[in-house]
Amino acid sequence: MPTALITGGTTGIGRATAELLHSRGYQVVLTGQNPDSVERAGRELPDDVLVVRSDARDLAGTDALVATVTERFGSLDVLFLNAGIFRPAPVADVTEESFDEQVDINFKGQYFTLQKALPLMNDGGSIVLTVGIGSRRGSPGATMGAATRGALLAMMPSLALELAPRRIRVNTVSPGATETPLFDKLGIPQSGRDAMRSRIPFERFGTSHEVAEVVAFLASDAAAYVTGQDVTVAGGYGLGA
Ligand SMILES: NC(=O)c1ccc[n+]([C@@H]2O[C@H](COP(=O)([O-])OP(=O)(O)OC[C@H]3O[C@@H](n4cnc5c(N)ncnc54)[C@H](OP(=O)(O)O)[C@@H]3O)[C@@H](O)[C@H]2O)c1
């Protein structure tokens, strides 16, 4: 049975991916940081899905996570680095604390999870990182989100080349506006969501499941010759501009 580790798998895109991969026969281990969402995921997901509370900022905790995965599963076939936060603010309002928090979770945490999990990856495995269309297209108030997720996009081709000798594929997925708990956490009012929707050719947000389907494809042997690519899942956002 192939094994997948998903960071930020308690809600939204990560959780939908956990459910989809599990339904396709993967052994799944996922992380989250919030005690309530970790508890809920553990209660609602199938018993054999391993839910680990692990803060992406805590590198010693990441060592413990990798030790747990090693003990329980021995190796990994899929690594989906998806944990992330979004704290929109104009440049003038970004504090050093908020800067560090976003760098630590969105970039540093994912980077060191990758480094620490890599020895567990089987040759021929697949790594997928969540980026987002904002990193390429821009959005007011999103400098930190764009920069921290864009750092993952920037390193992806180099990582794909570095791991090609082991036939480990590395790709990113870039969701557009996707209906997940992220928007509730941000407190974006309905009027704001309607304005975003009006700019999407499909005139709706994506669903977590639609992003999960792309991640599952990239994770699978169906994508055996796909590496170093960014796949946008955004209902046509930005086309024709
Ligand atoms: N939704 C969109 O429109 C959109 C668009 C572009 C990119 N994205 C990106 O897609 C990824 C998934 O987001 P989502 O929309 O599915 O939102 P979400 O439901 O808020 O999911 C975020 C996930 O990251 C986890 N997380 C947050 N901080 C963490 C930390 N310190 N340590 C470990 N895990 C942590 C959360 O777990 P806990 O709550 O349990 O801590 C949760 O599982 C994010 O990286 C986001 O930036 C989303």
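Guide: Buried means under 20% relative accessible area, exposed over 50%, and partly exposed in between (1.4 Å probe, protein chains only). By that scale, Arg204 is partly exposed, at 38%. Its partner Glu210 is partly exposed too, with a relative accessible area of 30%. Their side chains meet in a salt bridge, 2.7 Å from N to O; the term means a side-chain nitrogen of Lys or Arg within 4 Å of a carboxyl oxygen of Asp or Glu. Elsewhere, salt bridges with shared partners join Asp55, Arg57, Arg87 and Glu101 into one network.

This is a predicted model, with local features needing pLDDT of at least 70 and side-chain atom pairs pLDDT 80 or more, while totals for chains, interfaces and linings use all residues. Residues are numbered from 1 along each chain as its sequence is written, and side-chain values use heavy atoms, without hydrogens or water.

Now the close look: helix α3. Residues 59-73 form this helix, 15 in number. Helices (H or I, at least four residues) and strands (E, at least two) are DSSP runs, numbered from the N terminus. From first C-alpha to last, α3 reaches 21 Å, close to the 21 Å expected at 1.5 Å a residue; the expected span is 1.5 Å times one less than the number of residues.

Which residues of α3 are buried? They are Gly61, Thr62, Leu65, Val66, Val69 and Phe73. Seen down the axis of α3, they fall within an arc of 145 degrees, so they line one face of the helix. The arc is taken over directions from the helix axis to the C-beta atoms. An α-helix has 3.6 residues a turn, so residues three or four places apart point the same way. On the other side of α3, Ala60 and Glu71 are exposed.

At the start, a side-chain oxygen of Asp58 comes to within 3.2 Å of the backbone nitrogen of Ala60. After the helix comes Gly74, whose phi is positive, near 85 degrees.

For comparison, look at helix α6 (residues 143-163), the place of Leu152. Leu152 has a relative accessible area of 0%, so Leu152 is buried. Leaving aside neighbours within four places in sequence, Leu152 is in contact (heavy atoms within 4.5 Å) with Asn106, Phe107, Gln110, Leu129, Thr130, Val131 and Thr172. Leu152 and Tyr111 are 41 residues apart in sequence, yet 8.2 Å apart in space, C-alpha to C-alpha.

Back to charged pairs. The whole structure holds 14 salt bridges. One of them joins Arg15 and Glu44, with the closest N and O atoms 3.0 Å apart. Arg15 lies in helix α1 (residues 12-23) and Glu44 in helix α2 (residues 35-44), so the pair ties together parts that are 29 residues apart in sequence. Arg15 is at 16% relative accessibility, so Arg15 counts as buried. Glu44 is at 45%, so Glu44 counts as partly exposed.

The side chains of Glu39 and Arg43 meet at 2.9 Å, N to O. These residues are four apart, about one turn of the helix. Glu39 is partly exposed at 43%, and Arg43 is exposed at 52%.

Definitions and conventions
Polar contact = N/O pair within 3.5 Å; in protein donor to acceptor, adjacent residues only side chain to side chain.
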